[in-house]
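These are my notebook entries on a single chain.

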Amino acid sequence: MPQEQPTPLAVSRQLDTAETLCLQRGKRLTPIRRKVLEILLRRQRSLKAYELLDEIRREQAGAAPPTVYRALDFLVEEGLIHRLDAVNAWAACLDAAGQPHDLLVVCTRCGAVAELSDPDLSRELARRVADAGFVLAGHETELQALCGQCSGQGRPLAHSHPH
């Protein structure tokens, strides 16, 4: 699905923000963590671990799966990327320094992701889950969908951040 690619300056600013957030938290954005995040920011869609590994191996031939998985785990823990169970992939958080998003809409065909925030809907969902005797396991709810282009409606799914 063709999407508007971010400018190198936009990616650089997002990487700088990630670096700053890590430093403020006493963490390090190591070169491999930075590279994984950069790839996800540049691609503007979700990627599977082995897609990331293939891209990293273009520059570091000896890169191994555990290295990528450790970087992904770190980036998820720091709120810099999202783990997307619907497509078994990861996507960059496009607003890492902003307000948290509680809804992620994932296109199950092309991997596009929209980050949304609707606290009222999330509270209602949590209440209904509790009424069923459960507790939500995370602060983000992932919705599986088809973006506008994949559904044939011609409108690509926007990377939204209505806060």
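Entry 1, conventions. I count two strands as paired if DSSP finds at least two bridges between them. Helices (H or I, at least four residues) and strands (E, at least two) are DSSP runs, numbered from the N terminus. I note that this is a predicted model, in which local features need pLDDT of at least 70, side-chain atom pairs count only at pLDDT 80 or more, and totals for chains, interfaces and linings use all residues. Residues are numbered from 1 along each chain as its sequence is written, and side-chain values use heavy atoms, with hydrogens and water left out.

Entry 2, the sheet. I looked up how strand 3 (residues 103-107) is paired. With strand 5 (residues 141-145), strand 3 pairs in the parallel sense over five bridges; L103 has T141 of strand 5 as its bridge partner. With strand 4 (residues 113-116), strand 3 runs antiparallel and is joined by four bridges; here V105 has A114 as its bridge partner. The three strands form an open sheet of mixed pairing, in the order 4-3-5. Strand 4 and strand 5 stand at the edges with a single partner strand each, so one side of each is left without a neighbour in the sheet. From one strand to the next the twist averages 20°. For this and the later angles, axes are lines fitted to C-alpha atoms, for helices over the stretch in contact, and angles run from 0 to 180 degrees between N-to-C directions.

I then asked which residues of strand 3 are buried on one side and on the other. Buried means under 20% relative accessible area, exposed over 50%, and partly exposed in between (1.4 Å probe, protein chains only). L103, V105 and C107 are buried on one side, and L104 and V106 are buried on the other. Five of the five residues of strand 3 are thus buried. The hairpin of strand 3 and strand 4 has five residues between the strands, and in it G111 takes a positive phi near 90°.

I found that the axes of helix 1 (residues 8-24) and helix 2 (residues 31-43) come within 10 Å and cross at roughly 140°. That makes helix 1 oblique to helix 2. The classes are as follows: angles under 35 degrees count as roughly parallel, over 145 as roughly antiparallel, 65 to 115 as roughly perpendicular and the rest as oblique. The crossing of helix 1 and helix 2 is right-handed; a crossing is left-handed if the near helix is turned anticlockwise from the far one by less than a right angle, and right-handed if clockwise. I listed the contacts (heavy atoms within 4.5 Å): V11, Q14, L15, D16, A18 and E19 of helix 1 meet R34, L37, E38, L41 and R42 of helix 2.

P31 is found in helix 2 and counts as exposed, at 62% relative accessibility. Its C-alpha atom is separated by 9.7 Å from that of A71, 40 residues apart along the chain.

The axes of helix 3 (residues 49-57) and helix 4 (residues 65-77) come within 10 Å, crossing at roughly 115°. Helix 3 is therefore roughly perpendicular to helix 4. I recorded a right-handed crossing for helix 3 and helix 4. On the helix 3 side A49, Y50, L52, L53, I56 and R57 take part, and they meet P65, V68, Y69 and L72 in helix 4.

Is E55 buried or exposed? E55, which lies in helix 3, counts as buried at 9% relative accessibility. Leaving aside neighbours within four places in sequence, I found E55 in contact with I39, R42 and R43.

Just after helix 5, G133 takes a positive phi of about 90°.

Most residues other than glycine have a negative phi. Q44, in the loop between helix 2 and helix 3, has a positive phi near 55° and counts as buried at 11% relative accessibility. N88, in the loop between strand 1 (81-84) and strand 2 (89-92), has a positive phi of about 50°. With a relative accessible area of 43%, N88 is partly exposed.
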